[in-house]
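This report goes through selected features of a multi-chain model. The sequence and structure come first.

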Amino acid sequence: MFQANIVEGLIFTLAAALTIASAALVVSAKSLVYSAFFLALVGAGNAVFMAMLGFPVISLFQLSVYVGAAVTFILFSITMFRKPVRIEPTAGILALDAAVLATAGLLYAFQSVTGTPVSVGFKEISSLLIGKYRFALIIASLALVTTLIEAITLAMRGEMK
Amino acid sequence: MTVLPYLAVSACLFGIGLYGLLSSRNFIKMLLSAEVIFNGGLLALLSLAAASGAPPTGGTIAILAIAIAAAEVGVAVSIAILMFMLKGDVDVYKLEKFKG
Amino acid sequence: MQVSEIISWLINLLFYKPEVFCPIFYPGLVTILALLIFIIWLERKIAAKVQLRYGPLYVTRKAGGILQLLADLLRYMFQEPIIPKTVDKIAFIAGPVLLFATAYVPAALLPATAEFTGLRSELSLLAVLALLTLAPIFDIIIGWGSNNKFSLIGSMREGYIVMSYEIPMFLSTLAIAMVYGSLNIVEIVEMQSRCWGILLNPIAAATFLLVALISTARFPFEIAEAETEIVMGPYTEYSGILYGLLMGASYVKFYVLSMLFALLFLGGWHPSITWLEKIHPAAPGLVVFIKALIIMVFGIFLRAVYPRFRVDQAIRVGWHLLFMLSMLSIAYSLAVIWLVG
Amino acid sequence: MACSGGFILIGELEEVARKAAQWLVEKTPIKTIRDWGIRFSLWPVHFTTACCGAEFAATSGPRYDAERYGFLPFTAPRQCNLMLIEGTLTKKMGRAAKIVYDQMPEPKFVIAMGVCGLDGGIFWNSYNIVRPWQILPVEVFIPGCPPRPEAVARAILMLQEKIKKEGVKVEARGGT
C-alpha cells in the first residue's frame, strides 16, 4: 500500500512536471510547429492525469481524439503556411499579472475541495451517454457535422479565390 | 492521494494558457494557448467530478467536451488558413476590418 | 551458488514474467527485429519472382540471400548520418526515434496468449488504437523539420491520408468490439473460439484490412513516399541509421495492425495447440503470429502487382468507400446483435 | 552528429569521441562485419547522361538481375552509397555529378561506365566534356560503347572484391 502510494506520487510528479513544462513551452516556443508539438505533450500528460483520476476511457479518448486528431490537424495546418509566421508578442507584464492572479484565485477556490480518485468504467459512461444524456450526444454530433461542413465551406471558399 | 494536486496542476495550466492568450498577437498562438486553457479546464472538471457524488456524469460531459474541442479546432484553424490566404498574415491586430 | 541464483532469477524475470517478456521478446522488440530482416527480404524476393528474377541471392548463397537485410542494416549503421545545415536539428534527429518508438509501443501491449499478456486491462483494444494514432504527428514533424520541399509535400500527403483513414479504422474496430461486447483483446479472442470475427462481420474485416494497407503506406496506397513523384516523401533528407529507423517504422506499424487483425478477426490463438505450452507459456501465441504473417505476406505481395493511386484517388477511397463501409459494418454489427442476441 | 551546444567538460570531447568510435570501428571483427555489409549492399544512384543508361537499366532487369548481388537502384542520393556515371559528362553535368556525389553519405564509391567515362569516347578532345576521374575518385572503370550488362555486373563484382581485399576507409567527418 505504502509502496503503491510512492509509485503513484512519482508518476504524478513526473507527469505534472512534463505537462507544466510543455505548457510553458507552448506559450514560449518561437516556432509554431514546436508549440503545436508541445500541445500534444500537454494533451498526453493530461491523459495520464485522467487515467490516474480513474477515468481510463476518457484518457484514451483524449489520446486518440484530441492528441491524435485535433493536434495532428493543427500541426498539419501550421506546416502549410508558406513562410514562417513570427510575430513579436506584445508587452506581457499585464498578462503575467492577470495570469498569476487567476492562478492564485483558482488555487484559493480549490483549496477546500476534498475527495479521492475513483474508478469509472466505460459501461457506466456509455449507458449515461445513450440514456440520460442522449440529447447532449445528438446535439454534439449535430455540432460536429455543422462544424465539419463549415470548415469545408471555408476551405472551398479559399480555394475558389 | 486526494484530488487537490490535480486541481493545482489544472490551475497552473490555466494560468500559463491565460498568459499566452493575453500576451500574443499571433492568431494560431492564441488558439494554442486557448487549447492549453481547455486542457486545464478539462482536468479541473474531471478532478471535481471524481470528488463529487456522481463521477460518471462528469466523465460524460468531458467526453462531449473533447469531441466539441476537436471540432472547434477544425473551424478555428480553417479560419486561420483563410486569413492567411486573404491577408498573408495571422496578426490579430490586423483584423480591424472584420469589425461588425 | 550465488551466481547461479542470480542467473535463474534473471531467466525467470526475462522469460517467465509476462510484463517483461511481452515487450522484449514475443510480440515485442526481438520478434520485430527478426521480422524486419525477414519480411523486407521476402518483399524483395516476391517482387523478383513476379518479375522473373532471382532477387537477393549471393549474400548467403545457400540460404537464398536471407541475410540481405542484415547487410543493408549493417551498412546503414556504419554509414555517415548526414545532418544538413538547413534542417531543424532537434526535429530532424528526434523525429525518427520517436516515430519508431510510437510505432513499437502498441506492439508491446498486444497479448501473447490468454494467460500470458503484458497488459491486463478492460480497454486494451482502445489503448492500442489510441497509441496507433500518435505516429502521424512525427511524420509531419520530420517532414517539416527536413526543410525540403519534397519532405514537406510528402508530409502534407500523409496528413491528408491520415484524415481519411483514421475514422474508418476506429469505426471498423468498434464494430467488431460491439459484436463481442468487449474492449478487451483477450476477451474478444476467447469469445472467438466458436466463431471467428471475420465470419461474424466480414465488412469490418475488409475495412480494417484496407485501412491497414493505407495507414502503413503499402501499395497501392504508397502515397506519402511516392518515389517516382516526390523523391522519398518525408524521408528525403535522411541517411544512415536514421533512415533505417524510418524505413523500419512503417513495417513495425504494419506488423502491429496485422497482429490486431489476426487477434480481432482471425480467431487469435484459436485453435489453440495445448502441447506447446510445455515449451514456454507464450508458445501457443505462435498461432497468432503465423496468421499475422500470412496477412503481412499478402500486404507485401501487393507491391509486386499494383501500381500506385494518386493522392486524390486515395482520399476518395478513404471517404467515399471506407467511411461508408465502416458505417455499414456498424449497422451490420447491430443487425448481428439483434439477430443472435 | 555534432553536438553544437557543446559539453561542460573541458577539452575536445567531440573530437575524442569521434576518434574513439573510429578506433573501435577499425578493429578486426567489426571491420570485417562492416565490410561484409557494405559489400552486399551497394545501392547505386541513377546518374544517366547518355546511352549507357539503357544498359544500366538492363542490368537490373530480369535477364541480368543485378539485385542478386544486393545491388538495388534507389531513389535519392542520401540513401545510396554507389554512384554510376553512365556516359558522357559535359561540363555542366559534371557540376551536377559533383553535387550528387557530395550529397551521398560516407563510405561511397564511384564507377565510371562507358568509354566516355574513361576519356571522352567519341567526344574525345571536345572542349565541353570533363572526365569523371578528374572530379571524382573513381574506383572502377567499365570500357565499352556502351558496355554490356555483363560488364556492369563484372564491375560490381570487382568492386566487391576490392572492398573485401582492401577494406573501406572511412574518414569520420563532423556534422555537415
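## Interface of chains A and B

Across the interface of chain A and chain B, 0 salt bridges are found. The model is predicted, and this count rests on its coordinates. In terms of contacts, 76 residues of chain A touch 71 residues of chain B. The area buried between chain A and chain B comes to about 6,500 Å², and carbon and sulfur atoms give 82% of that area.

## Confidence in chain A

Chain A has a mean pLDDT of 78, with 85% of its residues at 70 or more. Within chain A, helix α2 (residues 32-53) has the highest confidence, at a mean of 87, and helix α6 (residues 134-160) the lowest, at 73. Where pLDDT is low, the predicted coordinates should not be read in detail.

## Helix α14 of chain C

Helix α14 of chain C covers residues 311-340, which is 30 residues. At 1.5 Å a residue it should span 44 Å, and the distance of 41 Å between its end C-alpha atoms agrees with that. The helix α14(C) bends by about 30° at C:L322.

C:L322 is also one of the buried residues of α14(C). An α-helix has 3.6 residues a turn, so residues three or four places apart point the same way. What do the buried residues of α14(C) pack against? Their partners are α8 (149-180), α10 (197-200) and α11 (202-215), which belong to chain C.

## Salt bridges

Over all chains, the structure holds 17 salt bridges. One of them joins the side chains of C:R44 and D:E67, at 2.8 Å from N to O. This pair crosses between chains: C:R44 sits in helix α3 (residues 29-50) of chain C, and D:E67 in the loop between α3 (52-59) and β2 (82-86) of chain D. Are C:R44 and D:E67 buried or exposed? Both residues are buried.

Within chain C, the side chains of C:E222 and C:R303 meet in a salt bridge with an N to O distance of 3.4 Å. The two residues lie 81 residues apart and link distant parts of the chain, with C:E222 in the loop between α11 and α12 (240-264) and C:R303 in helix α13 (residues 286-305). C:E222 counts as buried because its relative accessible area is 4%, under the 20% limit. C:R303, at 29% relative accessibility, counts as partly exposed. Both C:E222 and C:R303 belong to a network of salt bridges that also includes C:E43, C:R157, C:R218, C:E229 and C:R308.

In chain D, D:K162 forms a salt bridge with D:E139, and their closest N and O atoms are 3.0 Å apart. This pair also links distant parts of its chain, 23 residues apart: D:K162 is in helix α7 (residues 149-166), and D:E139 is in the loop between α6 (132-135) and β4 (140-142). D:K162 is partly exposed at 28% relative accessibility. D:E139 is partly exposed too, with a relative accessible area of 28%.

## Fold of chain D

Chain D contains 7 helices and 4 strands. Along the sequence these elements follow the pattern α-α-β-α-β-α-β-α-α-β-α.

Chain D has 176 residues, and 46% of them count as buried. Among the contacts in chain D with a separation of 6 or more, 77% come from residues 24 or more positions apart.

Key:
Residues are numbered from 1 along each chain as its sequence is written. Chains are lettered from A and ligands numbered from 1 in the order in which they are written. This is a predicted model: local features need pLDDT of at least 70, side-chain atom pairs count only at pLDDT 80 or more; totals for chains, interfaces and linings use all residues. Side-chain values use heavy atoms; hydrogens and water are left out. pLDDT is the predictor's confidence in each residue, from 0 to 100. The expected span of a helix is 1.5 Å times one less than its number of residues. The bend at a residue is the angle between axes fitted to the seven residues ending there and the seven starting there. Buried means under 20% relative accessible area, exposed over 50%, partly exposed in between (1.4 Å probe, protein chains only). Contact means heavy atoms within 4.5 Å. Buried area is the accessible area (1.4 Å probe) that two parts lose on being put together, summed over both. A salt bridge is a side-chain nitrogen of Lys or Arg within 4 Å of a carboxyl oxygen of Asp or Glu.
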